[in-house]
Amino acid sequence: MLGAILVGPAGLSARGVVLSLVDALPGIDVDSGLTDQQHAILWQIRMPRVVLGALVGATLAIAGAAYQGVFRNPLADPYLLGVSSGAGLGATAAIVAGLSMSSAAVPTAAFIGGAAAVTATLLLGRTVGGGRSETVIILAGVAVAAFANAGQTYLMQRHSETLRQVYSWLLGRLATDGWNQIQVVVPYVLVTIAVVMAFRRTLDVMLVGDTEAASLGVEPVRVRLLLIAVATLGTAAVVSVSGLIGFVGIVVPHAVRMLVGPGHRLLLPLSVLVGAVFLVCADLLARTVIAPAELPIGVVTAAIGAPFFLLVLRRGRVAR
């Protein structure tokens with residue numbers, strides 16, 4: 001994170017940045033040596049972007065680990081139940097309606113769209129299969145995602161002049177306007193991490209199957225729906241301000257699981273840390289690879305995540 005703060009077109013000394021960070025601590029007063037302009041660059045441009053990247057990465061990673069746990073499927077990710085498609089539809093609707101000039105309109109519409117899509121998925125899954133089967137919920141998510149994608153495609157076709165703006169959001173970005181977006185998503189991030197962490201032992205029990213988990217006093221259906229709702233709420237919140245950033249929720253839990261095993265006592269907290277670092281590093285690459293231009297961060301995570309994903313699949317096939 002410190003490296004990401006230091007890199008940029010405006011030169012900031014490592015000593016000045018560190019002293020400025022120390023000066024921000026309560027009860028400490030030191031002179032960082034930074035000019036007013038450098039101080040503004042540090043605290044209003046670079047720090048918010050790095051912190052937002054860490055929050056988004058941590059949330060997507062722990063949500064991915066939670067999904068993989070409750071569905072007992074290592075290929076599950078935070079976008080499984082239609083949150084990405086719903087958020088994309090909401091953001092597209094706001095952009096084609098001419099609301100993109102408002103800094104809050106697109107994120108708000110994306111959050112509402114993502115939350116509505118997951119709500120529809122859970123209601124449809126409960127109606128069809130009583131919410132008792134992971135497969136039923138996943139298929140309901142596929143149906144809802146297809147509907148949302150159809151609506152988004154229709155809007156993009158009817159308003160082709162907005163395609164550039166729509167694709168810019170869909171490919172992901174961590175541009176911020178100060179600390180406002182961070183203040184919006186922090187409560188959702190903290191609740192998501194706290195609730196999922198509280199069920200880390202329960203997730204270990206659920207790995208053995210619903211019948212066995214029920215015999216040990218766990219209510220798998222209730223736990224599954226709660227964790228799906230919480231993980232998806234956090235995902236919808238961060239996606240609303242970052243756009244659609246793929247592969248984090250699959251790659252990070254996989255990488256951590258390869259190092260420490262499937263136990264959620266270590267898997268979940270390490271996914272939070274590794275997810276934060278992964279996305280900050282990805283954003284650093286996005287800002288520097290073709291500087292002074294900038295790559296969409298979703299392109300960078302896909303370039304890293306897709307080969308890793310293929311490697312995991314190949315290793316699994318060799319193991320079988």
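Buried means under 20% relative accessible area, exposed means over 50%, and partly exposed lies in between (1.4 Å probe, protein chains only). Keep these words in mind for the close-ups below. This is a predicted model, in which local features need pLDDT of at least 70 and side-chain atom pairs count only at pLDDT 80 or more, while totals for chains, interfaces and linings use all residues. Residues are numbered from 1 along each chain as its sequence is written, and side-chain values use heavy atoms, with hydrogens and water left out.

**View 1. Glu294 and Arg49 meet in a salt bridge.** A salt bridge here is a side-chain nitrogen of Lys or Arg within 4 Å of a carboxyl oxygen of Asp or Glu. Side chains of opposite charge can pair when their charged atoms come close. For Glu294 and Arg49, the N to O distance is 2.5 Å. The two residues are 245 residues apart and link distant parts of the chain: Glu294 sits in the loop between α13 (264-288) and α14 (297-319), and Arg49 belongs to helix α3 (residues 36-71). Helices are DSSP runs (H or I, at least four residues), numbered from the N terminus.

View 2. An α-helix has 3.6 residues a turn, so residues three or four places apart point the same way. Both Arg287 and Asp283 are buried. Together with Arg49 and Glu294, they are linked in a network of salt bridges.

**View 3. Arg222 pairs with Glu219 in another salt bridge.** Here the N to O distance is 3.6 Å. Arg222 is exposed, with a relative accessible area of 57%, and Glu219 is partly exposed at 46%. How many salt bridges does a search of the whole structure find? The search finds four.

**View 4. Val56 belongs to the largest nonpolar core.** Such a core is a set of buried Ala, Val, Leu, Ile, Met, Phe, Trp, Tyr and Cys residues joined through side-chain atoms within 4.5 Å. Helix α3 gives the largest share of the core, 20 residues. Leaving aside neighbours within four places in sequence, Val56 is in contact (heavy atoms within 4.5 Å) with Leu174, Val238, Ser242, Ile245 and Leu279.

**View 5. Helix α4 (residues 83-96) is largely enclosed by the rest of the structure.** Of its 14 residues, 12 are buried, including Gly86, Thr92 and Ile95. After α4 comes Gly98, whose phi is positive, near 80 degrees.

**View 6. Phe247 lies in the loop between α11 (220-242) and α12 (248-260).** With 27% relative accessibility, Phe247 counts as partly exposed. Which residues does Phe247 touch, not counting residues up to four places away in sequence? They are Val252, Thr301, Ala302, Gly305, Ala306 and Phe309. Tyr79 is 168 residues away from Phe247 along the chain, and their C-alpha atoms are separated by 9.7 Å.

Technical notes: The expected span of a helix is 1.5 Å times one less than its number of residues.
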